[in-house]
Amino acid sequence: FSPNADGQNDLFEIFPIRYAQVYAIKIFNRWGEMVFEHYNNIPWDGMYKGKIQPAGAYTCVVEFGSPYNSEKRKQLVKEIILIR
């Protein structure tokens, strides 16, 4: 994603699939520092502690699952690229 205020791909967000709910989103920089954490499906704007984060690869961990059965939660770990 490219948070440069051009109106295209300015936010990183998760689009849930059918019958799944997003419970948590955590994003880590290349040093393992958590730069974003939210327990609802709120998009990330590329900021951390009020500072613009540098371009590069980040690790995104998404906890999701059935809204009807909390025992069926799963985690997905993917790399995302922030472009400046």
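1. In strand 5, Val61 is the bridge partner of Lys26. This pair belongs to the antiparallel pairing of strand 1 with strand 5 (residues 56–65), which runs over 7 bridges. Strands here are DSSP runs of E with at least two residues, numbered from the N terminus, and two of them pair if DSSP finds at least two bridges between them.

2. The model is a predicted one, in which local features need pLDDT of at least 70 and side-chain atom pairs count only at pLDDT 80 or more, while totals for chains, interfaces and linings use all residues. Residues are numbered from 1 along each chain as its sequence is written, and side-chain values use heavy atoms, with hydrogens and water left out.

3. Strand 1 (residues 21–28) also pairs with strand 2 (residues 34–38), again in the antiparallel sense, over 4 bridges, and within this pairing Met34 of strand 2 is the bridge partner of Phe28. The two strands form a hairpin with 5 residues between them, and Gly32 in the turn has a positive phi of about 85°.

4. These pairings belong to an open sheet of 4 strands, in the order 2-1-5-6 and with antiparallel pairing. Strand 2 and strand 6 (74–82) are the edge strands, each pairing on one side only.

5. Ser2 lies in the segment before strand 1. Ser2 counts as buried because its relative accessibility is 15%, where buried means under 20% relative accessible area, exposed over 50% and partly exposed in between (1.4 Å probe, protein chains only). Leaving aside residues up to four places away in sequence, Ser2 touches Gln8, Asn9, Asp10 and Ile83, contact meaning heavy atoms within 4.5 Å.
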